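Here are my notes on the model you sent over. Have the structure open while you go through the points.

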Number of protein chains: 2
Amino acid sequence: MPRVTDEYRAARRAEIMAAAARLFSVNGFHATSMADIIAEAGMSAGAVYGYFRGKEELIFAVAGVALSAADEAFAKMLAGDATPAPAEAVATIIEAIDTRIAHDPDTGVDLTRIGVQVWAEALRNPQMLASAGEVYLRLRGNWTEVARRWQRAGNMPADADPAQAGAALLSLVQGFMLQKLLISGLETSDYLDGVRALLAAGPRDR
Amino acid sequence: MPRVTDEYRAARRAEIMAAAARLFSVNGFHATSMADIIAEAGMSAGAVYGYFRGKEELIFAVAGVALSAADEAFAKMLAGDATPAPAEAVATIIEAIDTRIAHDPDTGVDLTRIGVQVWAEALRNPQMLASAGEVYLRLRGNWTEVARRWQRAGNMPADADPAQAGAALLSLVQGFMLQKLLISGLETSDYLDGVRALLAAGPRDR
């Protein structure tokens, strides 16, 4: 019964990832050991290592859950020839972060906390830096597409490079994640009003 | 000769901070021990502990160097009744980061890397979270002032809350720091062109 076996393996894998996500989000990447994860998952070391070779592989798997949710939100937002205004695109993605990433439906874990751990660890681990770099280039690519469509509709200077505006849009999301975690009392709706006000501020800066 | 003693103490304090900054920026906060810092500073443990009670105090002292540079850049930019356009204010602060914070004149250390370590550590250390939260509220206050003046000059919707726009402006800087560290080949001038294009993108989003 290979189908049952695959399902069983997928469920075990998900259990290990959930255990790792809970620990990483509370204790951080560095203060969480594989032994902690094995204990939290309630499995044998051999079982856990059969799925994941180590902490690096596990944190990327957990971060991948957040990225999949973001990818889905982008795909839905950009379906067909939709041309969302930049501030509304930021609102759409940040709402997806609030509902699906800051409260992962499967584990209840705030996966944005895992993102910050990846940032810090990438600075001391070259392999992690390379992987994180690829991920952020891909996310920036989605924002570049938002800017490209907005430009194509005549709403951004024709000589602007959409990839550069894409980097600025990505910042509006990264900064939100960070401020929401570090500044107590930051309300998502206030932040989005701020993005709208800023992007509506004239006159043209150049 | 109390004056000489004060100078001596200040120099020793700076040496310890430089040693800590070098280690934190390469190995991260968690993988750097007080013993490592003591060895790097080339002093006795007693001498080092006479200046700093522990790693938390040291990383905040090091981060404080970066914050002082940022505070100075804001004070200069907002002197008198200057009303910089938001995109130009972002350019001014990011140029200060590039020249004074990403290459600390005293140590050569990239202090933006220390910032990311503070973010990650704040998520597992309530005292550090409280301190980081205060710091980011203060930085946001500077951006709120930029937005307030821009609004007063008639360039932002009158019903917008400058503090909310300030949070979005802070994101444009935080995202820059992060992308510069994680995405290889990001050029500051490209990023700033992107910010200008985005803030010049119309029509009004609301």
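1. Q117(B) counts as buried because its relative accessibility is 7%, where buried means under 20% relative accessible area, exposed over 50% and partly exposed in between (1.4 Å probe, protein chains only). You'll find Q117(B) in helix α6 of chain B; helices here are DSSP runs of H or I with at least four residues, strands are E runs of at least two, and both are numbered from the N terminus.

2. What does the side chain of Q117(B) reach? The backbone nitrogen of F29(B), at 3.1 Å. Leaving out residues up to four places away in sequence, Q117(B) touches F24(B), G28(B), F29(B) and I59(B), plus A120(A) and L123(A); contact means heavy atoms within 4.5 Å.

3. A word on the ground rules: this is a predicted model, so local features need pLDDT of at least 70 and side-chain atom pairs count only at pLDDT 80 or more, while totals for chains, interfaces and linings use all residues. Residues are numbered from 1 along each chain as its sequence is written, chains are lettered from A and ligands numbered from 1 in the order in which they are written, and side-chain values use heavy atoms, with hydrogens and water left out.

4. Now the interface. Chain B and chain A put 60 residues each into the contact. About 5400 Å² is buried between them, 65% of it from carbon and sulfur atoms; buried area is the accessible area (1.4 Å probe) that two parts lose on being put together, summed over both.

5. W119(A), W143(A), W119(B) and W143(B) touch the most other members of the largest nonpolar core, which has 162 residues. Such a core is a set of buried Ala, Val, Leu, Ile, Met, Phe, Trp, Tyr and Cys residues joined through side-chain atoms within 4.5 Å. Among the residues that W119(A) touches are Y136(A), M177(A), V116(B) and W119(B).

6. Lastly, chain A: nine helices and zero strands. Its C-alpha trace spans about 65 × 40 × 30 Å along the principal axes, and 57% of its 206 residues count as buried.

Terms used. Polar contact = N/O pair within 3.5 Å; in protein donor to acceptor, adjacent residues only side chain to side chain.
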